[in-house]
Amino acid sequence: MDHQQGSSIKPIMITVDLEDWFQVENLRPCFPAEEWDSCELRIERNAQRLLELFDLYHVEATFFVLGWVAQRCPGLVREIARQGHEIASHGYSHRLCRELPDAALRSDIQMSRTLLADICGEPPAGYRAPNFSITKELVDILEELNFAYDSSYNSFGLNSRYGRVEDLRHTSEGHFVTGSGNGIMELPVSNLLIAGKTVPWAGGGYFRFWPTILFESGVARILQKEGRYVFYCHPWEVDPAQPRPTHGIGSVSRFRHYLNLDKTLDRLRHFLVRFQDSHFISCSRYLRVREHERLYEDNRNCGLAGR
C-alpha cells in the first residue's frame, strides 16, 4: 500500500519539460539539432503562460530544463526558480538516451547539470530523459553524478521511444538498482491500469487527446488507488500559433504534435480547479515528505517494539 492511500489529501506533481517547439521528437526530421539556432525561440512567452496559471492556483511545479534552452535563456530559468518552482535536468541535447554511447550520455547530463548549477546556485536533484528513454546505463550515470531521483520511466509499453527497465531491479523503497550501488529513487509518470492493460494517462499528447471529463475521472481513479499523481506537459503545448512545417513530417507525427493545442491552456486550468483540494507540490518536496513519513513510521515502530 502506498503511504499516501490513507490520506484525504493526495499530492499531484505538475512537471514541465522545458523545451521549445522545434526540439520535439515528432519534428526531428524537419528541425535537426544543427538548425536549432536558426529557429524562432518561443519558449519564454509560453513558459510565462504556464507560470501565470501556476501562480493563480498555487502550484509548485517541477521544470525539467533542457540544457540547450538554459544556455540561451538563463533569465527564464532564474525566474522559474524565483517563483518557487523546482529546477531539474532534462539533459542538454534532447537525444534519446539509447542513441548515445555511455561517455556521450554522461557528458550530456553533466553539461546540463553544470549549467543549471551555475544559473541557480545549486545542482539539480532530479532528471528526466528525453521521451522517457530510460536505460540501465542512465541509472548508473545518475547515481554516479549524485542525482537524488529520476523521473524517466513511463510504464506505457507501446511507444517505441520509451525506455524499458527489464535490466533494473525495483526495490520496495522505490529505487531502481542496477547492481552497481544503492540505486536511485524513481518517480515515474502516472498511467491508468484498466483490465490489466496500461493506458497512457500522464499528460502530454494524451492530455490533449482524451476528453477533459474522462481524463479527470482517470486521474481521480489513479489518486484513489496510488495516492499520488505525476503529470507532465510542455510549454509549446499552449502555443497554437507556433510555426508549422509544410513538409517533412508524417501524418501521425503531425496529429500527435498539433492536436488540440488551442485547448490545452483551458484544459489545464480546468484540471487545476478540479483538483484544487490536492497538494500541487514539486517532485523533490514530495520525496522529502515521503522520506520524513517513512522515518517517522520506522521510529514509531521501533518504539512500539521496545515496549
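The legends below describe close-up views of a predicted model.

**View 1. Two stacked tryptophan rings, W201 and W210, are shown.**
The structure as a whole holds 21 aromatic pairs. In this pair, the ring centres of W201 and W210 lie 4.8 Å apart and the planes meet at 25°, an angle under 30 degrees, so the two rings count as stacked. W201 has a relative accessibility of 3% and therefore counts as buried. A pair of aromatic rings is described by two quantities, namely the distance of the centres and the angle of the planes.

F231 counts as buried because its relative accessibility is 1%. F271, at 0% relative accessibility, counts as buried as well.

**View 2. Ring pairs link a cluster of aromatic residues.**
The members of the cluster are W201, F207, F209, W210, F215, Y229, F231, F271 and F275. One of them, F275, has R274 over the face of its ring, at 4.5 Å from the ring centre.

**View 3. R113 lies over the face of F147.**
The distance from R113 to the centre of the F147 ring is 4.8 Å.

**View 4. Helix α1 has a buried face and exposed residues turned away from it.**
The 14 residues of α1 should span 20 Å at 1.5 Å a residue, and the C-alpha atoms at its ends are 20 Å apart, which agrees. Buried in α1 are I43, N46, A47, L50, L51, L53 and F54. Viewed down the axis of the helix, the buried residues of α1 fall within an arc of 165°, so they line one face. The face turned away from this buried side carries the exposed residues E52, D55 and L56. The buried residues of α1 pack against β1, β2 (62-65), α2 (67-72), α3 (74-82) and α9. Just after α1, H58 adopts a positive phi of about 55°.

**View 5. N154 is a buried residue in a loop.**
Which strands does the loop containing N154 lie between? The loop runs between β5 (149-150) and β6 (169-170). N154 is buried, since its relative accessible area is 3% and buried means under 20%. A polar atom of the N154 side chain lies 3.1 Å from the backbone nitrogen of F156. The side chain of N154 also makes a polar contact with the side chain of N191, at 2.8 Å. Leaving aside residues up to four places away in sequence, N154 touches F132, Y162, V189 and N191.

How values were computed: Residues numbered from 1 in each chain as written. Predicted model: local features only at pLDDT ≥ 70, side-chain atom pairs only at ≥ 80, totals over all residues. Heavy atoms only, no water. Phe/Tyr/Trp six-rings, centres within 6.5 Å; stacked < 30°, edge-to-face > 60°. Buried < 20%, exposed > 50% of the residue type's maximum accessible area, 1.4 Å probe, protein only. Lys NZ or Arg CZ within 6 Å of the ring centre and 35° of its normal. Helix = DSSP H or I, 4+ residues; strand = E, 2+ residues; numbered from the N terminus. Expected span 1.5 Å × (residues − 1). Arc of directions from axis to C-beta. Contact = heavy atoms within 4.5 Å. Polar contact = N/O pair within 3.5 Å; in protein donor to acceptor, adjacent residues only side chain to side chain.
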